[in-house]
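I opened the model today and kept notes as I went. The entries follow in the order I looked things up.

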Amino acid sequence: GYEAGSYGTILKTTNGGLNWVSQVSGTTENLKSVFFLNANTGFIAGGQNAWVILKTTNGGVNWALSNLGNGGGFLAINFADANTGIACGTGSLLMRTTNGGTNWNSVSLAATSFHSIYLSSALTGYIAAANGNVYKTINGGVNWSVQSTVNTNPLYAVSFIDSNNGFAGGWAGKIVKTTNGGANWNLLTTTNNQTINKIFTRDLNNVYAAADNMRYLATTNGG
């Protein structure tokens with residue numbers, strides 16, 4: 001597994017987190033999001049003064065750095081396959097690649113900051129945004145449509161089980177759920193008021209969320 005953080009920090013473990021080894025990133029920018037396609041090929045996105053994306057094809061032994069612009073930075077990156085990926089971040093920063101990160105193209109989408117992205121296929125993806133909405137694409141990130149989530153608080157995490165069933169979470173512990181690909185979202189009841197930062201969907205019933213102050217949530221009945 002991998003972790004990334006401030007000042008270009010990248011850490012790797014090969015024994016379930018018992019030990020961590022530092023890797024050379026080649027940047028001092030803050031790194032925010034890690035995504036691996038397999039044991040060898042992975043991407044890290046971040047930046048506070050620049051739009052930074054790193055790629056490795058040898059398990060982190062070497063990282064290739066792409067500086068794609070200045071100001072703000074990426075908060076999330078996700079790939080559907082070896083070619084199709086999307087990165088998003090502060091100030092409506094949104095970029096897509098169709099050749100495994102060799103080239104990145106900007107996508108225009110007027111909204112607040114984008115905090116999390118999940119691609120369920122090369123065509124379909126979802127973004128959780130600071131305005132409490134989810135944005136959906138069905139053409140690989142070329143165009144996006146807004147989905148109201150009945151929640152006005154910022155969303156920081158989104159994850160889908162399949163093309164229909166997904167969850168998003170964020171400020172004050174709010175979690176919303178869809179069973180029809182985001183056409184409708186329902187607010188779920190939880191006992192947590194800490195901000196949700198990550199959501200992991202194992203299957204239709206088992207879903208996990210990580211929140212501030214070391215708070216963890218789990219459901220075994222789909223929420």
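Is Asn30 buried or exposed? I looked up its relative accessibility and found 19%. Buried means under 20%, so Asn30 counts as buried. I keep in mind that this is a predicted model.

**Entry: around Asn30**

I placed Asn30 in the loop between strand E3 (21–23) and strand E4 (31–36). Then I listed its contacts, leaving aside neighbours within four places in sequence. Asn30 is in contact with Gly5, Ser6 and Tyr7, and also with Gly46, Gly47 and Gln48.

**Entry: Ser25**

Ser25 is found in the loop between E3 and E4. I read a relative accessible area of 5% for Ser25, so this residue is buried. Which residues does Ser25 contact, leaving aside its neighbours within four places in sequence? I found Gly8, Ile10, Leu31, Leu54 and Trp63. I also checked the polar side of Ser25. A polar atom of its side chain lies 3.1 Å from the backbone oxygen of Thr27.

**Entry: whole chain**

How many helices and strands does the protein chain have? I counted zero helices and 22 strands. Does the radius of gyration agree or disagree with a compact globule? With 223 residues, such a globule would have a value near 17 Å; the chain has 17 Å, so the two agree. Along the principal axes, the C-alpha atoms fill a box of roughly 45 × 40 × 30 Å.

I noted that buried residues make up 48% of the 223 residues. The accessible surface comes to about 10,500 Å². Carbon and sulfur atoms account for 48% of that surface. For contacts between residues at least 6 apart in sequence, 31% join residues at least 24 apart.

Charges came next. I found 10 positive and 6 negative side chains. The centres of the two sets lie 3 Å apart.

I moved on to the loop between strand E21 (207–211) and strand E22 (215–219), where Asp212 is found. Asp212 has a relative accessible area of 33%, so it is partly exposed. Not counting residues up to four places away in sequence, Asp212 touches Gln194, Thr195 and Asn197. What joins the side chains of Asp212 and Asn197? I found a polar contact of 2.8 Å. I also took a distance to Phe167, 45 residues apart from Asp212 along the chain. Their C-alpha atoms are separated by 18 Å.

Met214 is found in the loop between E21 and E22 as well. Its relative accessible area is 72%, so Met214 is exposed. I checked its backbone too. Phi of Met214 is near 55 degrees, a positive value in a residue other than glycine.

**Entry: Tyr208**

Tyr208 lies in strand E21. I read a relative accessible area of 30%, so Tyr208 is partly exposed. Its contacts, not counting residues up to four places away in sequence, are Lys198, Ile199, Phe200, Arg202, Leu217 and Ala218. I then compared Tyr208 with Ile53. They are 155 residues apart in sequence and 27 Å apart in space, C-alpha to C-alpha.

**Entry: Ala172**

My last stop was Ala172, in the loop between strand E17 (166–170) and strand E18 (175–178). What is phi of Ala172? I read a positive value of about 60 degrees, although Ala172 is not a glycine. At 28% relative accessibility, Ala172 counts as partly exposed.

Conventions. Residues numbered from 1 in each chain as written. Predicted model: local features only at pLDDT ≥ 70, side-chain atom pairs only at ≥ 80, totals over all residues. Heavy atoms only, no water. Helix = DSSP H or I, 4+ residues; strand = E, 2+ residues; numbered from the N terminus. Rg over C-alpha atoms; globule rule 2.2 N^0.38 Å. Buried < 20%, exposed > 50% of the residue type's maximum accessible area, 1.4 Å probe, protein only. Contact = heavy atoms within 4.5 Å. Areas by Shrake-Rupley, 256 points an atom, 1.4 Å probe, with all protein chains shown as cover. Lys, Arg positive; Asp, Glu negative; His and termini not counted. Charge placed at Lys NZ, Arg CZ, Asp CG, Glu CD. Polar contact = N/O pair within 3.5 Å; in protein donor to acceptor, adjacent residues only side chain to side chain.
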